[in-house]
Amino acid sequence: MKENELKIIGIAGGGQLAQMMISPAKKLGKHIYVLDPNDNCSASKACHKLIKGDFDNAQDLSRFSEIVDVLTFDIEKVNFECLQELESQNTVIRPQASVMGIIQDKFVQKKSLQKMGFPVGRFSDINDIGDLDYTFPLIWKARRGGYDGMGVVKISSQAQLSSLNTCPGYIEAMVDLDKELAIMVARDIFGNVETLPVTEIFMDKDTNALKLCKAPAQIESEIKARIESIAKSLVEKLEYVGVLGIEFFLTAEGEILINELSPRPHNSGHFTIEACSVSQFEQHIRAVSGLNVLPCKLLFNSVCFNVFASEYQSKTNEIIKLLNSKSSEMIFKHDYLKRGDNRAGRKIGHVTVLGDTLEIAEKIANRLINEFS
């Protein structure tokens with residue numbers, strides 16, 4: 001093992017992101033330990049060791065950190081004060097505790113991005129809205145804990161806004177959107193930075209959850225270059241180690257605005273497993289374990305869509321069977337191994353369709369989406 005290279009990678013959270021980190025980790029000779037309260041979490045069957053515990057509990061997190069070489073994340077909801085304390089005791093945490101502190105609170109995240117000079121839309125604390133020139137509709141976002149569309153509410157009136165005053169949230173102005181875009185960017189301990197292909201993302205209008213993404217994004221080269229430049233500059237300013245997911249708004253006027261950050265692999269980068277020369281998951285494992293990140297090349301056009309549980313368990317069971325059915329060499333189905341209490345709308349898998357052209361991939365994906373609905 002090289003001097004800077006770490007072998008036992010501890011992941012706080014055992015969901016599908018941890019699950020998809022395991023295969024590249026094993027190929028690189030790494031061991032994956034997972035901390036999760038669920039014995040049957042997505043990563044439980046394939047990880048080297050599952051430690052039952054709460055990643056938001058300081059005692060559980062501290063004990064877990066003692067048996068791993070480096071601590072990284074499947075989820076943002078990790079005890080920040082404990083991370084700070086562990087880092088002060090020389091525990092290796094990647095991305096570092098300070099970054100997690102910024103990203104965990106979306107209002108702090110927005111203020112930090114603005115302070116660093118990165119482009120963001122108009123936003124304010126919910127208590128300051130009267131001092132600013134806002135017009136309805138607005139977007140209310142929970143400061144902590146929002147995911148898969150939860151914690152995002154479109155506000156149409158002052159009365160509706162007032163009803164949310166007891167919740168820790170903040171306000172964003174509506175953006176005149178042309179496209180929503182995303183990029184995964186990886187930075188290693190040596191300072192090398194590699195971006196993965198820019199993808200166009202499509203959100204479900206009812207749930208605000210990510211529905212599908214297309215790669216490469218159909219955008220002008222100047223927009224692509226601008227996004228890559230922002231991504232590289234951001235991880236360098238943060239001295240970030242690992243993979244960072246960045247969602248962007250492309251406005252009707254051609255302006256690029258950062259929407260949100262994810263300090264880990266992200267749904268918008270799942271296509272990289274099959275469509276690219278190196279996946280977001282391998283890049284993350286390489287970076288946090290002390291290896292160099294690799295240049296990433298898009299090998300195939302792709303459409304990647306999420307698969308959700310139905311309100312009926314019998315239908316959900318049929319969907320899971322479909323996820324595990326045989327398919328062609330250009331269609332890749334991923335089962336997140338979530339069983340039992342699958343609430344309607346819970347993300348239980350994804351499908352990536354490759355094509356020589358984006359149009360071919362889209363045509364096949366649209367047919368498959370109907371089958372999984």
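This is a predicted model: local features need pLDDT of at least 70, side-chain atom pairs count only at pLDDT 80 or more; totals for chains, interfaces and linings use all residues.
Q: Why does Thr 72 count as buried?
A: The cut-off for buried is under 20% relative accessible area. Thr 72 has 0% relative accessibility, so Thr 72 counts as buried.

Q: What makes the pair of side chains Thr 72 and His 284 a polar contact?
A: A pair of N or O atoms must lie within 3.5 Å, one able to donate a hydrogen and the other to accept it. The side chains of Thr 72 and His 284 make such a contact at 2.8 Å.

Q: What is the order of the four strands in the open sheet?
A: The order is 5-8-6-7, with antiparallel pairing. On average, neighbouring strands of this sheet are turned by 25 degrees against each other, direction ignored.

Q: Why is one side of strand 5 and of strand 7 left without a neighbour in the sheet?
A: Strand 5 (123–125) and strand 7 (152–155) each have a single partner strand, so they stand at the edges.

Q: What makes strand 6 and strand 8 a pair?
A: Pairing needs at least two bridges. Strand 6 (residues 138–142) and strand 8 (residues 169–173) have five bridges, in the antiparallel sense. Ala 142 stands opposite Gly 169 of strand 8.

Q: Which strands does helix 5 lie across?
A: Helix 5 (residues 106–115) lies across strand 5, strand 6 and strand 8, and runs at about 130 degrees to strand 5.

Technical notes:
Residues are numbered from 1 along each chain as its sequence is written. Side-chain values use heavy atoms; hydrogens and water are left out. Buried means under 20% relative accessible area, exposed over 50%, partly exposed in between (1.4 Å probe, protein chains only). Helices (H or I, at least four residues) and strands (E, at least two) are DSSP runs, numbered from the N terminus. Axes are lines fitted to C-alpha atoms, for helices over the stretch in contact, and angles run from 0 to 180 degrees between N-to-C directions. Contact means heavy atoms within 4.5 Å.
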